[in-house]
Amino acid sequence: MTGSGELPLVSGADVEAAAALLKDVVRHTPLWHSRGLADRVGGPVWLKCENLQRTGSFKIRGAYTRISRLTDAERARGVVTASAGNHAQGVALAARLLGCSATVFMPVTAPLPKVAATRSYGAEIELVGHSLTEALAAAAEYAERTGAVFIHPFEHPDVIAGQGTVGLEVLDQCPEVATVVVSTGGGGLLAGVAAAIKARRPDVRVVAVQAEGAAAFPDSLAAGRPVPLPAMATMADGIAVASPGELTLAHCANLVDEVRTVTEEDLSRALLFCLERAKLVVEPAGVAAVAAVLADPKAFEPPVVAVVSGGNIDPVLLLKVVQHGMAAAGRYLNLRLRVPDRPGSLAAVLAELAAVGANVLEVEHERTGTRLGIGEVEVFVVLETRGPDHAEDVVSALRRAGYQVAPS
C-alpha cells in the first residue's frame with residue numbers, strides 16, 4: 001500500500017494481487033460502445049457492464065477477496081455483513097464458494113428480489129431498521145456477540161482492492177481511455193477503481209457520481225472527515241449511504257478528480273436510455289455514471305468509460321422508473337381541452353391525435369366544472385409522444401383544429 005497522510009492507500013500492486021485471486025471467480029465483464037452517448041459527448045463512450053457480473057453487480061469482487069484472506073479459524077466462525085442488497089449477494093455467494101456460513105442484515109425496506117437472491121445463495125437474512133446505517137449497527141453488534149467476522153461493504157483494504165479490479169479491466173479493454181466515471185455510495189468501488197487507474201495511468205480523469213439526495217462525499221471532503229448525512233431520499237438504494245468511511249474518503253481526496261451529483265430525473269432518464277439504447281437492465285444506483293454523462297455530456301473528455309455497476313432492480317420499481325424517465329424525457333404529455341358536449345366530439349379529438357401520431361394512454365371527461373360553459377365538456381388526456389418536439393406538434397395540431405388546449 002502507498003501512504004498518504006495517516007491512512008495507507010490501496011496500491012496498484014494490491015489491486016493486481018486481487019485480480020490474480022479473482023481470475024477464475026469473477027466474470028471479465030464486457031465493455032460496450034454507446035453510440036447514443038458518443039454522439040452527445042463528441043467522442044467514444046463505453047459502458048463497463050458490471051450489471052452482467054455474477055450476482056448482478058461488482059460486489060462479488062470485494063467480498064470474495066476479503067473472505068478468501070481470512071484464516072481457516074476465522075472462516076469457521078462465519079461471516080456477517082449489512083447491505084441493501086448487492087453487497088449482501090456478493091458476500092453470500094463468496095461465503096458459499098469458500099465454505100463458510102454467512103448472516104446478512106438488511107433494512108426492512110430492501111427490495112424483495114435482492115432479499116430473495118441473497119437467501120438463495122445460502123445466507124441467513126435478518127431484516128432490521130429502515131436504513132443501511134441501522135443494519136450496519138446491528139451487524140456489528142452480532143459480530144461482537146457471536147465472534148462472526150464482519151465484512152464491511154466498503155471500508156476495508158481487501159474490499160477496495162477487489163473492487164479495483166474493475167479499473168484494471170477498463171485499462172486493458174480501453175487503453176486510450178481519458179475519463180472514467182464511477183457511481184459511488186460508501187466509496188469502495190470508487191476507491192478501488194481510482195487506485196488501480198491512477199497507479200497505471202495518472203493522467204486519466206476519475207469522476208465520482210452520487211445521487212443528489214444521498215451525496216455524502218461533498219460535505220465530507222470539505223470537512224476533511226466523514227460527515228454523516230442527516231437524511232437521504234433517493235430511488236438509488238444501492239448508493240444510499242449516509243457517510244463514506246475514513247479509508248474510502250482518503251482515497252477520494254487523494255485520487256479522485258471530481259465528485260458530481262445527479263437528480264432523480266437524471267437517474268430515470270439514464271435507466272430508460274440504457275433499456276432503450278443499450279438493451280441493458282440496470283438499477284438506479286448502477287446507472288448513476290451514465291446519468292452524469294447524459295446530464296452534462298460536454299463535461300467529460302473522451303474516450304469515456306462509464307461503469308454500469310449493477311442491474312438488480314425490483315420489477316415494480318423498474319416500471320415506476322421507466323414511467324418517470326419517460327415523463328422526464330418529455331415522452332408523456334398531459335392535456336386538458338374543451339369540446340362541445342355532443343356525440344362524436346371525443347372521436348374527433350382522438351382522430352386529431354391519431355393523425356399526429358400521439359398514443360392515448362388515458363382519457364377522462366368532466367361535465368360539471370363551474371368554469372365550463374353550458375354544452376361544453378372538458379377532456380383530460382394522457383398521451384405518449386416521441387419527445388418534446390413531437391409534444392409541441394401535438395399541441396399545435398389540436399389548436400389548429402380549433403380546440404382550447406392547456407397543459408395539466
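**Talking through contacts, burial and salt bridges**

Modeller: Let's start where two helices touch: Ala18, Leu21 and Leu22 in α1 meet Arg61, Tyr64, Thr65 and Ser68 in α3. Keep in mind that this is a predicted model. By class, that contact has four nonpolar, two polar and one charged residues.

Biologist: OK, on to Val181 in strand β9. What makes Val181 count as buried?

Modeller: Its relative accessibility is 0%. Buried means under 20%, so Val181 qualifies.

Modeller: Seven of the nine residues in β15 (residues 376-384) are buried. The strand has partners too: nine bridges join β13 to β15, and seven bridges join β14 to β15.

Biologist: How do you know that β13 and β15 pair?

Modeller: Pairing takes at least two bridges, and β13 and β15 have nine, running antiparallel. Leu333, for instance, stands opposite Leu383 in β15. With β14, which also runs antiparallel to β15, Val363 has Val381 as its bridge partner.

Biologist: Back to Arg61. Why is the contact between Glu169 and Arg61 called a salt bridge?

Modeller: The N to O distance is 3.0 Å. The cut-off is within 4 Å, so the pair counts as a salt bridge. Glu169 sits in helix α8 and Arg61 in helix α3, 108 residues apart. Both Glu169 and Arg61 are buried.

Biologist: What about Arg200 and Asp172: buried, exposed or in between?

Modeller: Arg200 has a relative accessible area of 37%, and Asp172 has 48%. Buried needs under 20% and exposed over 50%, so Arg200 is partly exposed, and so is Asp172. Their side chains meet in a salt bridge at 3.0 Å, N to O.

Biologist: Then what makes Arg260 count as buried?

Modeller: Its relative accessibility is 18%, and the limit is under 20%, so Arg260 counts as buried. Its salt-bridge partner Asp296, with closest N and O atoms 2.6 Å apart, is partly exposed at 31%.

Technical notes:
Residues numbered from 1 in each chain as written. Predicted model: local features only at pLDDT ≥ 70, side-chain atom pairs only at ≥ 80, totals over all residues. Heavy atoms only, no water. Contact = heavy atoms within 4.5 Å. Helix = DSSP H or I, 4+ residues; strand = E, 2+ residues; numbered from the N terminus. Nonpolar A, V, L, I, M, F, W, Y, C, P; charged D, E, K, R; others polar. Buried < 20%, exposed > 50% of the residue type's maximum accessible area, 1.4 Å probe, protein only.
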